[in-house]
Amino acid sequence: MYKAELPSDCDPAPLFDLARKYELDNLAEAAGRRMLANLSADNALAWARIVHLHADAGDERAGSLWEKLYSKLASEPSLLRTEPFPFDVFGLRPGVPGGENSK
């Protein structure tokens with residue numbers, strides 16, 4: 001955990017969640033990189049919710065990851081198994097954590 005090396009078979013989202021909660025920046029960055037690299041239709045929605053939760057709470061690092069994640073989701077709508085990107089799933093607007101419709 002202190003080396004910020006993730007096991008190859010772990011789900012990075014819960015680690016990201018805990019790392020942000022306990023301000024373990026290196027671990028959060030490693031988990032964020034893993035989420036971006038391994039984003040798929042099977043995990044996109046759950047991972048986006050976790051990242052947005054922290055971004056919406058004002059976490060700048062999570063906000064940066066959210067922008068990258070959102071960009072990837074918007075450019076690859078098949079990741080969400082629907083077209084176009086379902087903004088109403090999150091109640092969000094593009095790239096605006098804490099926007100008027102965020103929860």
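Start by selecting D25, E29, G32, M35, L36 and A37 in helix 2, which meet R61, L65, K68, L69 and K72 in helix 4. Contact here means heavy atoms within 4.5 Å. Sorted by type, the residues of this contact are 5 nonpolar, 1 polar and 5 charged. Nonpolar covers Ala, Val, Leu, Ile, Met, Phe, Trp, Tyr, Cys and Pro; charged covers Asp, Glu, Lys and Arg; the others, Gly among them, count as polar.

What is on screen is a predicted model, in which local features need pLDDT of at least 70 and side-chain atom pairs count only at pLDDT 80 or more, while totals for chains, interfaces and linings use all residues. Residues are numbered from 1 along each chain as its sequence is written, and side-chain values use heavy atoms, with hydrogens and water left out.

**The whole chain**

Zoom out and colour by secondary structure. The protein has 4 helices and 0 strands, and its elements run α-α-α-α from the N terminus on. Helices (H or I, at least four residues) and strands (E, at least two) are DSSP runs, numbered from the N terminus. Of the 103 residues, 41% count as buried. Buried means under 20% relative accessible area, exposed over 50%, and partly exposed in between, with a 1.4 Å probe and protein chains only. Among contacts with a separation of 6 or more, 55% join residues 24 or more positions apart.

**Helix 2 beside helix 4**

Return to the opening pair and show both helices. How are they arranged relative to each other? Their axes lie 11 Å apart, and the packing angle is about 5 degrees. Axes are lines fitted to C-alpha atoms, for helices over the stretch in contact, and angles run from 0 to 180 degrees between N-to-C directions. Helix 2 and helix 4 are therefore roughly parallel. Angles under 35 degrees count as roughly parallel, over 145 as roughly antiparallel, 65 to 115 as roughly perpendicular and the rest as oblique.

**A31, in helix 2**

Next select A31, which lies in helix 2. A31 is buried, at 0% relative accessibility. Leaving aside neighbours within four places in sequence, A31 touches L6, P12, L15 and F16. L6 is 25 residues away along the chain, yet the C-alpha atoms of A31 and L6 are separated by 7.3 Å.

Select P12, A13, F16, A19 and R20, the buried residues of helix 1. Seen down the axis, they fall within an arc of 125 degrees, so they line one face of helix 1. The arc is that of the directions from the helix axis to the C-beta atoms. An α-helix has 3.6 residues a turn, so residues three or four places apart point the same way. Helix 2, helix 3 and helix 4 are among what covers the buried residues of helix 1.

Move on to E23, in the loop between helix 1 and helix 2. Its phi is near 55 degrees, a positive value in a residue other than glycine. Is E23 buried or exposed? E23 counts as exposed, at 63% relative accessibility.

**L39, between helix 2 and helix 3**

Select L39, in the loop between helix 2 and helix 3. L39 is buried, with a relative accessible area of 9%. Not counting residues up to four places away in sequence, L39 touches A44, W47, L69, K72, L73 and L79. L39 and L73 are 34 residues apart along the chain, and their C-alpha atoms are separated by 8.8 Å.

**Helix 3**

Select residues 44-56, which form helix 3: 13 residues, reaching 18 Å from the first C-alpha to the last, close to the 18 Å expected at 1.5 Å a residue. The expected span is 1.5 Å times one less than the number of residues. Within helix 3, A44, W47, A48, V51, H52, H54 and A55 are buried. They cover an arc of only 160 degrees around the axis, which puts them on the same side of helix 3. Their cover includes helix 1 (12-21), helix 2 (25-37) and helix 4 (60-75). Just after helix 3, stop at G58, which takes a positive phi of about 100 degrees.

**Helix 4**

End with helix 4. Its 16 residues should span 22 Å at 1.5 Å a residue, and its end C-alpha atoms are 23 Å apart, which agrees. Its buried residues are A62, G63, L65, W66, L69, Y70 and L73. They cover an arc of only 160 degrees around the axis, which puts them on the same side of helix 4. They pack against helix 1, helix 2 and helix 3.
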